[in-house]
Structure formats: C-alpha cells, structure tokens
Amino acid sequence: MIFPPLGHLIGAQKAATTSLAALLAAHPAVRVSEPKETHFLTAEWRRGPDWWRDRFAPGGEVLVDASTTCAMLALPGFPPGEPPWGTEPPARLAGLRPDARLIYMVRDPVDRLWSAYWHGVRSGWEKRPFDRAVAESPMYLAAGDYAAQAEAWLAHFPREALLFVDFRDFRRDPAGVARRCLAFLGIVGEDMDLPDER
C-alpha cells in the first residue's frame with residue numbers, strides 16, 4: 001500500500017460518488033477508504049496523516065479517498081469561516097501527494113442541489129424550507145459551481161491530473177466509467193472485469 005492515496009474522488013455531493021467508489025473498490029488493486037468519505041483534507045485535518053492512513057485496509061496498489069467535501073470549498077463572497085476549511089484542501093493534498101489524481105463527478109447543478117437538500121431533510125439536519133435553506137447556506141449553490149471548485153484544485157495540480165465524469169454517462173454505463181477511472185489511476189490490463197450493477 002502506497003500512502004498517501006493517489007486517487008481522490010473529490011465530488012460532487014449527490015453525483016453518484018458512492019456508487020463509483022463501490023465499483024472502483026471491486027477491483028483487487030484498489031483500496032477505498034473506510035469510511036468512503038474520510039474528510040481528512042477538510043473537516044478531519046487536525047487528526048493528522050496517521051489517522052488518515054488507518055482508514056485504509058492493508059493491500060492494494062492504489063488507495064482512493066472519496067470525500068465530497070473536497071468539492072465544497074469556500075468561494076469569494078462566503079461568510080468568514082464557512083466552510084471552516086476554506087480553500088485549503090487542494091494545497092494540503094499538493095503538499096502531501098503532488099502527483100495525486102483527481103476524479104470529479106458532476107451532475108446537472110439543479111438536480112444536484114435538489115437532491116442535496118432532500119438528503120439533508122431525510123438526514124434530519126435540514127429543517128428549513130427549500131428557498132430559505134438555499135438563500136441562507138451558500139454551500140448549496142457553491143457545491144454545484146463546478147468551474148469555480150475545479151479552478152481551486154487546478155491552482156495546485158496540472159489539468160491532466162483532473163478527470164471529469166458526467167453523472168449521465170455513469171448512469172448509462174457504470175462499469176465503463178469505472179474502467180476509465182481505473183485507467184486514469186494507472187490500473188490497466190488484467191482484472192478489468194467489473195460488475196455492471198451500481
């Protein structure tokens with residue numbers, strides 16, 4: 001196992017990152033963190049790299065962290081301290097693993113926003129009506145501003161280190177998208193058979 005992780009499924013929230021992570025984890029060369037979202041580069045940074053390392057089972061050639069908070073960075077105009085990690089995650093990862101490979105799943109921004117809101121309602125932490133929640137919490141819209149989020153990462157990584165995956169492509173051909181992501185992570189050749197179900 002080579003730590004820190006090479007692969008980072010940085011987002012977006014509610015764009016099928018959990019399903020893609022499960023398909024990648026089905027490959028014997030891949031170890032996805034447990035839990036899938038460690039949030040180490042964002043909310044859990046204070047815990048340190050040893051804590052992060054312990055989130056991965058032994059073995060595997062390529063480690064993958066799938067923390068969607070990595071695509072929830074502070075954008076210009078955000079209130080101070082929201083989110084508490086600001087714009088630091090890209091610089092943090094560049095300092096730890098400058099050759100990291102970033103996979104960014106994107107979904108229609110309106111569909112993603114609606115899904116994120118209802119996820120919060122079902123989870124019990126979102127009590128506000130939709131209009132008020134979106135007006136009061138800038139992260140709802142910022143998480144769907146893929147260009148601005150990606151730009152923050154590209155300030156620290158070359159363009160070839162970032163692979164965009166469209167949610168619609170994943171819905172049509174999940175195994176095909178997973179194979180493309182594996183190739184992006186440098187896993188080619190044998191053992192490329194993956195289950196077609198999500």
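Helix α3 spans residues 89–96, and its buried residues are Pro89, Pro90, Arg92, Leu93 and Ala94. The model is predicted. An α-helix has 3.6 residues a turn, so residues three or four places apart point the same way.

What do the buried residues of α3 pack against? Two strands are among the partners: β1 (7–11) and β4 (101–106). Two helices join them: α2 (49–53) and α7 (146–154).

## Strand β4

Strand β4 is one of the elements packed against the buried residues of α3. How many of the six residues of β4 are buried? Five of them are, so β4 is largely enclosed by the rest of the structure.

Strand β4 pairs with β1 in the parallel sense, over four bridges. Within that pairing, Leu9 has Ile103 of β4 as its bridge partner. Strand β5 (residues 162–166) also runs parallel to β4, and five bridges join the two. Ile103 stands opposite Leu163 in β5.

Which order do the five strands take in the open sheet? The order is β2-β3-β1-β4-β5, with parallel pairing. The edge strands are β2 (30–32) and β5, and each of them pairs on one side only. On average, neighbouring strands of this sheet are turned by 25 degrees against each other, direction ignored.

Helix α9 (residues 174–184) lies across three of these strands: β2, β4 and β5. Both edge strands, β2 and β5, are thus among those that α9 lies across. Relative to β5, helix α9 runs at about 180 degrees.

## Ala133 in helix α5

Helix α5 covers residues 130–136 and contains Ala133. Is Ala133 buried or exposed? Its relative accessible area is 0%. Buried means under 20%, so Ala133 is buried.

Which residues is Ala133 in contact with, leaving aside its neighbours within four places in sequence? They are Tyr117, Glu126, Arg128 and Tyr140. Gly48 lies 85 residues from Ala133 along the chain, and 33 Å separates the C-alpha atoms of the two.

Key: Residues are numbered from 1 along each chain as its sequence is written. This is a predicted model: local features need pLDDT of at least 70, side-chain atom pairs count only at pLDDT 80 or more; totals for chains, interfaces and linings use all residues. Side-chain values use heavy atoms; hydrogens and water are left out. Buried means under 20% relative accessible area, exposed over 50%, partly exposed in between (1.4 Å probe, protein chains only). Contact means heavy atoms within 4.5 Å. Two strands pair if DSSP finds at least two bridges between them. Axes are lines fitted to C-alpha atoms, for helices over the stretch in contact, and angles run from 0 to 180 degrees between N-to-C directions.
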